[in-house]
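Look at the model, then read on.

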Amino acid sequence: MNPRSSIPSFTSSASASPGSLGEPLYRFPTSIAQQSFWYLDRLEPGNPCWNIAVRFRIAGPLDVSLLQRAVDEVVHRHDVLRTSFALIDGALAQIVHSEATIPLPLDDLSDLASPARDAEEERRTIAEAALPFSLRTGPLLRVRLLKLAKQEHMFLLTIHHIVSDGWSIGIFSDEIAAHYANLASGIPATSPNLPLQYADYTIWKNEQNESATGAQLRSYWQTKLANLPVCEIPSDYPRPAGQIQRAYILSLVLPVSLTDSLAALARNHGCTLYTLSLAALKMLIARYTRQHDVYVGTLLAGRERVELEPLIGAFINTLILRTDLSGNPSFLDLLARVQRTVEEGMAHQDLHFQQVVEALRLKRDPNRPTVYGINFIYQRDFVKPLQFAGLSMIPVPSKSPGAIYDLNFFMVQRSDGWRLSCEYNCDMYEAVAVNRMIGQLRHLLEQIVANPNRKLSEFQFPDGAGDPLPPFVPRSNYVTSPQSPEVSSTVDRSNSGGLVVRKILSRVYTQLGKI
């Protein structure tokens, strides 16, 4: 039997709950991130891989009507959750509407016996995550409640990436809990108006991108990523046609003793657990790809200013972190190289990845959503267990709505420790192969703790990760334009401007239709 057949397909006969938006009030320019998601949606309309799907287990005497009202309050507080998108005079605009109706349908599964109920919960969770959104009509979020027992529910939240990111999900859940608790206590659920909205950030950020600083950032990335080679771990199956590709997540929890030792080792060498974990991943990739020029994508929160922290929206940005592993360095030498790569990348993060792609003239493959195949995410959990009004609301590991990357390795800090996971394109990779990779990565981390001074060639890769790397030979399968002119890696941040000042410009709302 083909193991891939056990991975459920995301096609479903389920239908989305019929939410709606009110009258259009204002229109604003879009951020570069939103333009990128719009473009990707145009290539493959309704591709579920751009959905953020999360779920929460709610235990206790839930009042469904109060939960609905709490959802309404969050949507009212954040303009971006009442936003649709349209091309107006050839330019993409985000249109803020007066209100949004986000129904909370309830599916009662409590009468089913345990095995059947668990299977139906799984089926509906996956189907809900994969339902498409219309960026033109909105709304771009939906909620659903699955009743599992009298005092046990699963709350499903699905939201399109064009209006949200992982940090935003934490804001959403925190505000849901606060509003519900107030309503349950008879306190009005209204919250103070936000001093900024996502549209304010958009205007400020677009001005920054057009400045001299933006030009300098483009020059840096043109040099750093020139002549970028293909960097892919060989797959079990050929890449399928089209961008809608199935994904699955495999995980293991790293022992606390291991991650504590790794964190201490990182601190002793002036870096973080993130940098050390990234260096170990690059060792693994180098062994599989048989090359020394190794790069991965990584995601940044994009909220370097404190004013942005309470906002829901698409703030994340992507960096490609490229490191040379040649010369058979020790792990500590490699760690220093990766640390320099990370520091440089962070110093040049203010240019959105879509602009980097355009500056490098990277060729997009119509059969893949991104221009690179391997990604690494490291984050402390934005979504935390919550206790309120006699309820507990606990995040549950999500079901993947679709593959954005071939392999997306991530480390997330959970209550039981750091979870090492890989979301993989299950039309390309077998589960046994991915399980082997994350097991090998854990084994590498254990060897690093035991002796970080050993040469890369001395690390053991059990279960078929290949022999030590051969001598470095430049590859010819490049994906970028010819070498760009060299530039300085120094960024002048003195002209970045103040976000609060820029807020004044965007608060002068332009009535829809008057531009």
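**Helix packing and salt bridges**

H2 and H4 are oblique to each other (under 35 degrees is roughly parallel, over 145 roughly antiparallel, 65 to 115 roughly perpendicular and the rest oblique). This is a predicted model: local features need pLDDT of at least 70, side-chain atom pairs need 80 or more, and totals for chains, interfaces and linings use all residues. Residues are numbered from 1 along each chain as its sequence is written, and side-chain values use heavy atoms, without hydrogens and water.

Q: At what angle do helix H2 and helix H4 pack?
A: H2 covers residues 64–77 and H4 covers residues 166–184. Their axes, lines fitted to C-alpha atoms over the stretch in contact, lie 8 Å apart. The angle, on a scale from 0 to 180 degrees between N-to-C directions, is about 125 degrees.

Q: Which residue forms a salt bridge with Arg57?
A: A salt bridge puts a side-chain nitrogen of Lys or Arg within 4 Å of a carboxyl oxygen of Asp or Glu. Here the closest N and O atoms are 2.5 Å apart. The partner of Arg57 is Glu152.

Q: Is Glu120 buried or exposed?
A: Buried means under 20% relative accessible area, exposed over 50%, and partly exposed in between, with a 1.4 Å probe and protein chains only. Glu120 has 18% relative accessibility. Therefore Glu120 counts as buried.

Notes. Helices (H or I, at least four residues) and strands (E, at least two) are DSSP runs, numbered from the N terminus.
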